[in-house]
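Please load the structure in a viewer and keep a selection panel at hand.

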Amino acid sequence: MIKTPQAVKQIWANRKKIELEAAALFAQIAKEAKVIWGNNNAITDLANQAYQDEQRHADLCQKIIGTKKTPIQKLNLEVQLGPNHLSRVEQLVYTSISLSCVTETLSTALLLEMKKLAQPKIIRDTVHEILTDEIRHSRIGWAILATLPKNYDLSWVSMYIPAILNEAYQTEVKPMLSRNYDNQSLEPWGILSPKKSNLIVAKTIKEVIKPGLNKFNIKISA
Amino acid sequence: MTINKLFNVLVLGGSMLVSTNGHASNDLTTDKIAFCTSTNECKEALSCTDQGDVIKKMVPKDGISCCWGTSCADLDALDSND
Ligand SMILES: [Fe+2]
Ligand SMILES: [Fe+2]
């Protein structure tokens, strides 16, 4: 059996942290959607499912990291949804865009590439499983935008988009990239080079996120 | 599966999740169906645009259309048969 390089373990440990943060955010989205749209709304069900998925993703990452599981810290579910001064609905919209429409969409595009390059079985299986779920997670954000009344004006979001994109890159994409290591050799382990991932991120913003947000009258100048 | 198909699969597929008749599929591995919905709804969501690679096709089946990334020319041909 091939030994997993330490650098690979470190990067999948970063991913585990990201997965748990996403779990907490989806739990909050599920809760808020219930307050706003009442019981039996599709968004709460989808977000609750995503909350479970993200915890499973963290477990998958742990399997790659391989060391004994550190005692499970209790997930802090009381996360802040978007800037303080926004209304309840606005905070939900802000978080859905940031988490689902942007982060999960970028993640889907990057995982598609990782899937092509992954080699050890554990990496291939993990990437495949996470990718399948990320598609649903990205759709939740677009579903939330589509749920809003047709006359709900979303143009206020435009001013936040550059910061949301930057935050997504810094906290979700960058920690998953190879740094000073031999870029090529880490690709089979599900770790893309900064150059390749930057190209995918730029293309995804241009061809998916930007037209997607435009469809809901949110302009981005990227 | 290429990035330009993600617009259909994620953005339109997500919108379909909360539409009354929508059904979104997770299949990303081939050019198979991205999602199916009522023909009218599909038509509304998928009017062919000039937005770069955002291209799609509809195949009616018992009042349901299944939509995926193919080409604007196919959609134009379908429209002219209406
Ligand atoms: Fe995840
Ligand atoms: Fe996710």
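**Conventions**

The model is predicted, so local features require pLDDT of at least 70 and side-chain atom pairs count only at pLDDT 80 or more, while totals for chains, interfaces and linings use all residues. Residues are numbered from 1 along each chain as its sequence is written, chains are lettered from A and ligands numbered from 1 in the order in which they are written, and side-chain values use heavy atoms, with hydrogens and water left out.

**Stop 1: the iron ion (ligand 1)**

Select the iron ion (ligand 1) and display its protein donors: A:Glu19 (OE), A:Glu54 (OE) and A:His57 (ND1), at 2.0 to 2.2 Å. Donors are N, O and S atoms within 2.8 Å of the metal (3.2 Å for Na, K and Ca); water is not among the atoms, so sites may look incomplete. The spacing of these donor residues in sequence is E-x34-E-x2-H. A:Glu19 belongs to helix H1 (residues 6-37) of chain A and A:His57 to helix H2 of chain A, so this pair ties together parts that are 38 residues apart in sequence. Helices (H or I, at least four residues) and strands (E, at least two) are DSSP runs, numbered from the N terminus.

A:Glu19 is buried at 3% relative accessibility, and A:His57 is buried at 0%. Buried denotes under 20% relative accessible area, exposed over 50%, and partly exposed the range in between (1.4 Å probe, protein chains only).

**Stop 2**

A:Glu54 is buried, with 0% relative accessibility.

Now select the iron ion (ligand 2), coordinated at 2.0 to 2.4 Å by A:Glu54 (OE), A:Glu104 (OE), A:Glu104 (OE), A:Glu134 (OE) and A:His137 (ND1). Along the sequence, its donor residues follow the spacing E-x49-E-x29-E-x2-H. A:Glu54 sits in helix H2 (residues 42-65) of chain A and A:Glu104 in helix H3 (residues 88-117) of chain A, so the pair ties together parts 50 residues apart in sequence. A:Glu104 is also buried, its relative accessible area being 3%.

**Stop 3: H1(A) against H4(A)**

Two packed helices are described by the angle between their axes and the distance between the axes. Select H1(A) together with helix H4 (residues 121-147) of chain A: their axes come within 13 Å and cross at roughly 30 degrees. That makes H1(A) roughly parallel to H4(A). Axes are lines fitted to C-alpha atoms, for helices over the stretch in contact, and angles run from 0 to 180 degrees between N-to-C directions; those under 35 degrees count as roughly parallel, over 145 as roughly antiparallel, 65 to 115 as roughly perpendicular and the rest as oblique.

Display the side chains in the contact. Among them are A:Trp12, A:Glu19 and A:Phe26 of H1(A), and A:Ile130, A:Glu134 and A:His137 of H4(A). Contact means heavy atoms within 4.5 Å.

**Stop 4: A:Ile97**

Select A:Ile97 in helix H3 of chain A. This residue is buried, at 0% relative accessible area. Leaving aside residues up to four places away in sequence, A:Ile97 touches A:Val102, A:Leu145, A:Val157, A:Ile161, A:Ile164, A:Leu213 and A:Ile218.

**Stop 5: two asparagines**

Select A:Asn40, in the loop between H1 and H2 of chain A. A:Asn40 has a positive phi of about 55 degrees although it is not a glycine, and is exposed at 79% relative accessibility. Then move to A:Asn217, in the segment after helix H7 (194-215) of chain A. A:Asn217 has a positive phi of about 65 degrees, again without being a glycine, and is partly exposed at 39%.

**Stop 6: chain B**

Finally, select chain B, which has three helices and four strands, running α-β-β-α-β-β-α from the N terminus. Of its 82 residues, 43% are buried. Within helix H1 (residues 6-17) of chain B, pick B:Leu10, which is buried at 0% relative accessible area. B:Leu10 touches residues of chain A, including A:Thr105, A:Ile135 and A:Trp142.
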